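Please keep the sequence and the 3D view open while reading.

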Amino acid sequence: MAKPEPESDPGLAARNQKLHVLFAVSSIGLLVAIGCMVWADYDREWRPYQIEFNRMRVAQTETQIEEALSPEDAETLNDIAARLARGREEAEAKRDEIRELEGELNGLQAELYATDQNYRFTKARLDVVRYELDEAVHRGRSSAESHREELRELEAQWEELRLEVEDISERQHDKEARVDELRQTELEAEKARTELLAEKTRLEEILQGIQPGFTNVVRNLPLLDMANPSLKVNQIMPAGLYDDVIFTPTPKVDRCTTCHLGIDLEGFEDAPQPYTTHPELDLYVKGPHAIDQVGCTVCHQGRGRGTTFVSAAHTPSTKEQEKAWGKYSDTEYYEPMHHWDLPMLTSGATQSQCVKCHRGVVEVPKAHRLNTGIELLERHGCYGCHKIKGWEDRRKVGPDLTKVASKTNEEFIFRWIKEPRSLRPTRMPQFWDVRIDETPELLARNNVEANAVVAYLMENSAEETYPAPPPGDMETGRELFETVGCMGCHRVGEDERGVVGLGNAAHRTYGPNLDGTGSKVNAGWLYAWVRDPKAYWPETNMPNLRLTKQEAADITAYLMALENETFMDRPRPEQDSDLRDQIAMDYLRERLTVKQAEAELESMTERERTLYLGERTIFRSGCFGCHMISGFETTMPIGTELSEQGSKLVDRLDFSFEHEELPHTLTAWLHRKFMEPRIFDRDKEKRAFDLLRMPKFHFTTEEADALVTAVLSFTKEKVPEKAQRRLTAEEDFVERGRRLVRESNCRGCHVIGDRGGDIQAVKASFLEALAEEDIFGEFDPAAIADDAVALSPPMLYNDESEIGEGAKVQSHWLHEFLRDPSSKVRPWLEIRMPTYGFTELELNTLTHYFASMDLVPYPFEPRTERNPRMVRVGADLFGKWECEKCHVVAGKLPSQPPTNMAPDLAAAHERLRPGWIQSWLRDPMRIQPGTRMPQNFPENPEDNAFSDILGGDQQAQIEAVTQYLLTLDTGS
Amino acid sequence: MYRARITSTLFVVALVATVGAASAATITGTVKYDGKVPKLKPINMNADPVCAKKHTSPVTSEILVLGPGNTIANIFVHVKSGLPAKTYPTPKEPVVMDQRGCRYIPHVMGIMKDQPFKVLNSDGVLHNVHALPKVNKPFNMAMPAARKEAVREFGKEEAIFKVKCDVHPWMAAYVAVMTHPFFDVTAKDGKFTISNLPAGTYEIEVWQERLKTQTTKVTVADGETKTIDFTYSRPSK
């Protein structure tokens, strides 16, 4: 069909007109839409942050440029400028000579070029002729001889040319040197200026790159910014790390640095977020945890791909913050991103993620909060009720109750289990009367249950009888208690001496607080216990201090005098048998029909009913998680498994009515749970059975923080093995030893690394008291800290010099000493190294641990050479230095106060490693800060007091003394 | 060389300034003891017979040394605060501490930061000089009979600390490291003088090894000499 001719259709023009309008409108609409799209794509939340940060950075760089030159530098610069001017003048004066030289240099350059070319061409020709010669000889051609001649000629030519080239270069150098000489002052000044201005120049170059000039503006215009904008989304893709996105491992992409722009730059420490510099740059962003290798979300969690505040899954720490952040989600309270399983960790909880890579370690270096949390978790025995992977086979933390009747009585037990903290500060939690909405009915029920538990424990306890202890002296006992070492692990009442950090994780709170002991135990038991703790409870961590009968009697007398009468005056209501029956009935009805239950109860005697309720209550409360109780040897623990609690989804948590108070985060929920374990029952109508069971530990909020961090570390996230921190064999031995060191609480008495030796503070307090008592007496307050070190057990590892017990003593000696420390190294010390009763495996673990810490041979120490002449020189030096003035030698004590005495040198050959003796003699303070051993052998022979002996050579004299020391014997 | 010249120039400037400031103020005073004088046990040097032999009469304790009228010796007096912020030149001549008769002489001394601390051993006995600073690096150097002198320095300002000998537990000296020269130690007459002070209000602190410190504020005008006396009374026990 032919198109209608326009002329033949008069209406066409009019219709076209309409179409034009339609097209015009729609194309304008389209343009606007495209514009909106471009703008929407352009107008991102992160862009203003980048612009603002750029402004900050320009300002910072400008200030740095201003400050790059100090006033002295400015002065020097003036000086240089003057020198430069002078140099230029000098050069100007010799202009003619310089010009002439430069002309000659140009000529030489041309000459060099030509000759060098000739030299190289000759070499090429030489190669050709040599080839032709080889060919001729091989083929037996007659031309061989002429080729050989030609070759000789060329070789001679080549050699000549080489000399010529070298000659020209030499002349060139001479002339250049001459020019430099003429311009010396000028050149030196120029060099000095470049050096002085190096930093400033570097900064100026940086500034040029970031200044918002014309180029940068154009680069960042909408649409044009697709090419190479300076404002753009930054991303890090740490190799080998994956996110689990709906069951699909997807490579990790962290875009956090799009807004957190100052994260790796020094100088933004005080800048507001998101520009703040990361703390401890050398450890994290730039150190072993380099940002390009680990990214951000592996530690912080959150959604790395997000480029807006909400889509990055930021998490508020507090309710106030939740409100303040409402602006980001355009809501009154911050609305976090839904359906993202791993919201960002709130500040402080980040350390929980360290263990993803730092596996198999007792402590993660520097992760103080996490380490404290784990320590608290272990001490409170959380794993007794909650299964936690890695903590399955540990002993129960509370004392064995299968013989409890031999130790105490039911009057005490009732009061203790009802409210342990009314006796003394303790880690035993409180099971009853801890609901904030406890009703009178529940309170009555609590008493019935507690009474029933007491009955059960007494009924199911073996009863050993202990004879009354020999008479002891309370005052002597107190003195012994304060000096022999008990206070490394125990306190009495509110004693804060040497307690650092969180009280419950400190070394001096490792054992129970002994306040109120007299109200708790009977004297016969206590006497037997302090003499040999493992006889009563083989699994106890309490070591044996080898107390004599009299010492044990004295200490018993002292501890038995620590009574808490207010505690024993607390009421103990009679058993309410009706209520008891009612509760027992409730339990029976759980597993029997109503009729059977009634019949069952009917068939029980009074006593049986009480015992039945006791058994049920213990079962329900989980007492056996921490204590050995007859009848519960194999009962499964009652708590939720915590092995993957750190990955628990927030929507699986019951916030109950607490959601009004708490931000919706796992961290906040856990914290609340630790502080008020039964709070999520608040205002709920539940049967007594169904109420929450976790007892109250009375944690402080800091303790709860640490525990939350520990629990968050139990995650199901897997970091590929390649990315994990692998332990070397040595490190593995160290970790095994660390566990034993912690369980034996060695740090209560010894400094090991950055912590420990807490008992020193106790010693210092006694010295202080003595100094105060007699202000003109022998104790000088200025020397107390020093004396406390001298009177306390030795440091076992020095973090700074990285030298410790392993490098010091021979492994065999250490093994014997740890097995039986009764022969004292420092006989003047009142404090004793206790006998732990370590197993052979433990002894080996500990000796290996010390050796591995110091990277010294284990277990054998190489034999050392002994040279009679050196031994004689050593003996001479030993006499001249009067070592016996302070050191015990073969049991002979020096005439010194105890603070000045030093270990027996006759034991050196079997105790010390010769290499250590040498390091020690070289610089004793480096190994034991505060030691009284002077530095006798200075590095510089001129400073040596006996420069005539072995030429005053430090190493030679030390070697001689070491050799002599090794000849000393206890017999000689 | 250049630095040496600067230092010496500074010295001259300081000297001129000192001489020029004839109007500079002086604070002086006496420190007295009030109360029952404790009976101090004489030092027992039996632990080292060589030391004991050096003395013919019992050696009096240095814990509290009183002069006639119960004036106290060995009081360290210094300007604790109020000085203008400026750097005072460090004297090149050392502060000397001798070990004589198995005692440190002097018993109390002030030293400026970086000033040489020269230790002599006139005894010809094995001593060790164990300094117990907390801010500066502690040191413990042995001085056997043969070693007659040694020199050390303290690079940082520090409140008074103890120096002791671990061979002879009775030996004690006290050293304060100052950043300015406005300090003094009393002799038996209990008198101290701090001169050449610019006009101003200062906190003056006195220290006795067992009676601790006392402070007082004092304002001096140019050319003025002010006397402030301190009295230590025996703490009631």
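The sections below go through the interface, the cysteines, the backbone features, chain B and one histidine.

## Basis of the report

The model is predicted, so local features need pLDDT of at least 70 and side-chain atom pairs count only at pLDDT 80 or more, while totals for chains, interfaces and linings use all residues. Residues are numbered from 1 along each chain as its sequence is written, chains are lettered from A and ligands numbered from 1 in the order in which they are written, and side-chain values use heavy atoms, with hydrogens and water left out.

## The interface of chain A and chain B

Chain A and chain B each bring 31 residues to their contact (contact means heavy atoms within 4.5 Å). Between them about 2500 Å² is buried, and carbon and sulfur atoms give 59% of that area. Buried area is the accessible area, taken with a 1.4 Å probe, that two parts lose on being put together, summed over both. Of the area that chain A buries against chain B, 26% comes from Ile775(A), Phe776(A) and Met925(A), more than from any other three residues.

Four salt bridges cross the interface of chain A and chain B; the term stands for a side-chain nitrogen of Lys or Arg within 4 Å of a carboxyl oxygen of Asp or Glu. Asp786(A) and Lys164(B) form a salt bridge, with their closest N and O atoms 2.7 Å apart. There are also 13 residue pairs in polar contact between chain A and chain B, both residues being at pLDDT 80 or more. A polar contact is a pair of N or O atoms within 3.5 Å; within protein, one must be able to donate a hydrogen and the other to accept it, and residues adjacent in sequence count only if both atoms are side-chain atoms. The side of chain A that touches chain B has 14 nonpolar, eight polar and nine charged residues. In this classing, Ala, Val, Leu, Ile, Met, Phe, Trp, Tyr, Cys and Pro are nonpolar, Asp, Glu, Lys and Arg are charged, and the others, Gly among them, are polar.

## Cysteines

Over all chains there is one disulfide, defined as a pair of cysteine sulfur atoms within 2.5 Å. Cys51(B) and Cys102(B) form a disulfide, and their sulfur atoms are 1.9 Å apart. The link is left-handed, with -70 degrees about the S-S bond. It joins distant parts of the chain: Cys51(B) is in helix H2 (residues 49-53) of chain B, while Cys102(B), 51 residues away, is in the loop between strand E3 (95-100) and strand E4 (103-105). Helices (H or I, at least four residues) and strands (E, at least two) are DSSP runs, numbered from the N terminus. Both Cys51(B) and Cys102(B) are buried, where buried means under 20% relative accessible area, exposed over 50%, and partly exposed in between (1.4 Å probe, protein chains only).

In chain A, the closest cysteine sulfur to that of Cys256(A) is in Cys296(A), 3.9 Å away, which is too far for a bond. Cys256(A) is partly exposed, at 24% relative accessible area. Cys259(A) is in no disulfide, and the nearest cysteine sulfur, in Cys256(A), is 9.2 Å away. Cys259(A) is buried, with a relative accessible area of 15%.

## Backbone features

Two cis peptide bonds are described here. One runs from Tyr858(A) to Pro859(A), with omega near -5 degrees; Pro859(A) lies in the loop between helix H31 (840-853) and helix H32 (868-880) of chain A. Another runs from Ile105(B) to Pro106(B), with omega near 0 degrees, and Pro106(B) is in the loop between E4 and strand E5 (108-112) of chain B.

Asp683(A) is not a glycine, yet has a positive phi of about 60 degrees. Asp683(A) sits in the loop between helix H24 (666-675) and helix H25 (701-712) of chain A and is exposed, at 55% relative accessible area. Asp114(B), also a residue other than glycine, has a positive phi near 70 degrees. Asp114(B) is in the loop between E5 and strand E6 (117-121) of chain B and is partly exposed, at 36% relative accessibility.

## Chain B and His180(B)

Chain B has two helices and 17 strands. Of its 237 residues, 48% are buried. Among contacts in chain B between residues at least 6 apart in sequence, 65% join residues at least 24 apart.

His180(B) is in the loop between strand E11 (172-178) and strand E12 (183-185) of chain B and is buried, at 6% relative accessibility. The His180(B) side chain reaches the backbone oxygen of Val79(B) at 3.0 Å, and a polar atom of that side chain lies 3.0 Å from the backbone nitrogen of Phe182(B). Apart from neighbours within four places in sequence, His180(B) is in contact with Val79(B), Leu83(B), Tyr88(B) and Met112(B).
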